[in-house]
Each structure stands twice: as C-alpha cells, then as structure tokens.
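Reader: I have a structure to go through with you. Can we start with the ligand site and move on from there?

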Amino acid sequence: MVVYMHQDFIRISTGIRELDEALEGGIPKGSWVAITGEPGTGKSILCMHYAWAGLLGGDPVVYVTTEAEFRDVVRQARMFGMNFESYRIHDISSRETPSETPDIVVIDIFGLLKIARQMSTQPQVDTETARKKWYAALDIETLTAAIHEAYRILGVLRDEKSKSPFKHVRLVIDSLSAFWADKPAMARKYSYDLKIATHRENVTAYLVSQYAMTTKSTFGFGLEHIADGVFHLWMDDVESAREVRRYLIIKKMRMTNHKRTAFKLEVQPGRGVVLSGP
Ligand SMILES: Nc1ncnc2c1ncn2[C@@H]1O[C@H](COP(=O)(O)OP(=O)(O)OP(=O)(O)O)[C@@H](O)[C@H]1O
Ligand SMILES: [Mg+2]
C-alpha cells in the first residue's frame, strides 16, 4: 500500500502525483470521495489511476462499473500504460471460484444481475419479472450485497457476518448515478443507505456521479454532502472555446489543507490524466 504519514493520518495515493501533493500526501484513509463532472471530463480515467495505484501497492480492489464492461476498462487503461491483466482479476459474474485470491474483483451489470438473482426468491417467469430484476440489479441493496461478496472473495472479512474489512480495500463505483437514474429524488437517501453500508475505516472509496448538464447540478446532489471529499471535473464551453479544455478542482477533503485552485486536466496517450497548473 502506498501511504504517506501526515498529521497522524494514513494517506492513500490517488495514483496521480500532483493530486497527492495537493492533498498533503493523499486521501485520508477511510474517506468517501465523490468524483463529479460532465461527460468526457476524465472521471472514469481518474478511477483507473486510483485502482491501479492500489494494485501496485498491494491493496485489494473492488471495481464496480455500470458504465462499461470491465473488458473495456482494461482496454482503455492499457492505452495509458496500466496493464490490469498483469494482476489477478476476478469477475463476480463468473461461475468459477477463483483458485487463488484475486487482486481485484470486478462488478459490472452482469455481476449485479447475478447477485440480484441470488437475492430474489421468485422464479423468473415472464418478461415483466425479468424487467423488474434488471431494475433490482441497479438497487443499492444489490450493490451492497455485491460489494460484500467481493470482500469475501478478496479474503478481507474475518467471518461471514463481518461487514468491515480487516485490511485496507480500495472501492471504485463508476457510476452511482445509474442507481438513481430512474428516481433522482432518491439520490440523497440512497447515498445515505450506501454510506451506512460501506463507509468503513478500512475502505477508501471513489464514487462517480454524473453532472446533469440541463440543471447544472450534480445528478444525485446528496452525494456531495455526504462525501468526505469531492473532486469536481468540468470543461470550458466547447462552442466558444472550440476545443476541449478540462479542469479538476478539489472542492473538499476532510482533515486536509488541500490546494484550492483548479488544475488543468489533460488526457495523454501513454499517461492518462496529467494535471498541471499554479
Ligand atoms: N487514448 C487516449 N488518448 C488521449 N485521450 C483519450 C484517450 N482515450 C480517451 N481519451 C479522452 O478521455 C475522454 C474520456 O474520459 P472518461 O471516460 O474518463 O470521461 P468520463 O468523465 O468518465 O465521461 P462519462 O461521464 O461519459 O463516463 C475521451 O472523451 C477522450 O477525450
Ligand atoms: Mg465514465
């Protein structure tokens, strides 16, 4: 685990040196960090760097991806020099039990469906039931159960009843917006439910939330209040700028005298997210 000690806190690396430095060494262990921003600003790539730093440092990783299949995450990460396939990856939707403890457990929509099916007692009889199950897959309860199952597979729970990993785990959820897409008013409650279920001393989490362009408010604004930290990403209006100019700002981070001006964010082939700025 890549850690820095600062003011008695264990700091967790974001995988991006400039960002770590702007955070007095990294994210305080056990924090919930919301990653907010409009499409194409670099949220998913930021998640890849975070997971990759975990793999390099020996932290078990749980990677929830509702946006893309993990295969595509792997492909995209490889373009930036992060070869996830050099580690043991276990897909939760797989029928096989891993012979060795994996380094990273992946939960995509198929994994969530599998867990939803296991949780449901009803046999799948008609399309209406099938449709309901699809929604159940995008349920906070299903998500919580899937994360718990991932902890079990990673061998970080002392026993079946235990909810808290005894070892530090990195959790990525890209994105949470999918869970309240059909009921945005529930975002705050869902965020609370999830926080109660997963906020643990040994879990440092990235939670992606999409920015609704129409309302200019984060889709699921509840998350920003509940999170211990917020990284906000945006880009200049492309029509007037006539180019993609991206930025990242640390809006908040508990227990941290963080940088308060925006970084310029570039996505570079072979490197991924590159931050610069005063
Ligand atoms: N190989 C590459 N080289 C350079 N830039 C790339 C490369 N691959 C992707 N990008 C840039 O990264 C952007 C995608 O970033 P990312 O997927 O992290 O966005 P996001 O914030 O997660 O968006 P969304 O909300 O749609 O999921 C692309 O639109 C492109 O501009
Ligand atoms: Mg994305």
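Author: Fine. Helix H2, residues 43-57, gives the most to the shell around ligand 1, with three residues. Keep in mind that this is a predicted model.

Reader: How many residues surround ligand 1, and which are the closest?

Author: The shell has 15 residues, and the closest are Gly 40, Lys 43, Ser 44, Gln 76 and Arg 246.

Reader: And how does that shell around ligand 1 split by class?

Author: Six residues are nonpolar, six are polar and three are charged.

Reader: Which polar side-chain atom lies 2.8 Å from an oxygen atom of ligand 1?

Author: That atom belongs to Ser 44. The side chain of Gln 76 has an N or O atom 3.0 Å from a nitrogen atom of the ligand. Thr 41 takes part through its backbone, with an N or O atom 3.2 Å from a ligand oxygen.

Reader: How much of the accessible area of ligand 1 does the protein cover?

Author: The protein covers 68% of the 650 Å² that ligand 1 has on its own.

Reader: Let's step back. How many helices and strands does the protein have?

Author: Nine helices and 14 strands. The protein has 278 residues, and buried ones make up 52% of them.

Reader: Take Leu 143. What does it touch, leaving out residues up to four places away in sequence?

Author: Leu 143 touches Val 64, Leu 112, Ile 173, Leu 176, Phe 179 and Leu 194.

Reader: Which residues have a positive phi of about 55° without being a glycine?

Author: Arg 242 is one of them, and Met 255 is another. Arg 242 sits in the loop between helix H9, residues 238-241, and strand S12, residues 246-253. Met 255 is in the loop between S12 and strand S13, residues 263-268.

Reader: Is Arg 242 buried or exposed?

Author: Arg 242 is exposed, because its relative accessible area is 76%, and the cut-off for exposed is over 50%. Met 255 has 47%, so it counts as partly exposed.

Reader: Now the loop between H2 and strand S5. Which residue should I look at there?

Author: Asp 59 lies in that loop, with S5 covering residues 61-65. Asp 59 has a relative accessible area of 5% and is therefore buried.

Reader: What does the side chain of Asp 59 make a polar contact with?

Author: One polar contact is with the side chain of His 168, at 3.0 Å. Another, also of 3.0 Å, joins the side chains of Asp 59 and Arg 170.

Reader: Where is Gly 25?

Author: Gly 25 is in the loop between helix H1, residues 17-21, and strand S3, residues 27-28. Gly 25 counts as buried because its relative accessibility is 12%.

Reader: Last one. Which helix holds Tyr 192?

Author: Helix H7. Tyr 192 has 43% relative accessibility, so it counts as partly exposed.

How values were computed
Residues numbered from 1 in each chain as written. Chains lettered and ligands numbered in written order. Predicted model: local features only at pLDDT ≥ 70, side-chain atom pairs only at ≥ 80, totals over all residues. Heavy atoms only, no water. Near = heavy atom within 4 Å. Polar contact = N/O pair within 3.5 Å; in protein donor to acceptor, adjacent residues only side chain to side chain. Areas by Shrake-Rupley, 256 points an atom, 1.4 Å probe, with all protein chains shown as cover. Helix = DSSP H or I, 4+ residues; strand = E, 2+ residues; numbered from the N terminus. Nonpolar A, V, L, I, M, F, W, Y, C, P; charged D, E, K, R; others polar. Contact = heavy atoms within 4.5 Å. Buried < 20%, exposed > 50% of the residue type's maximum accessible area, 1.4 Å probe, protein only.
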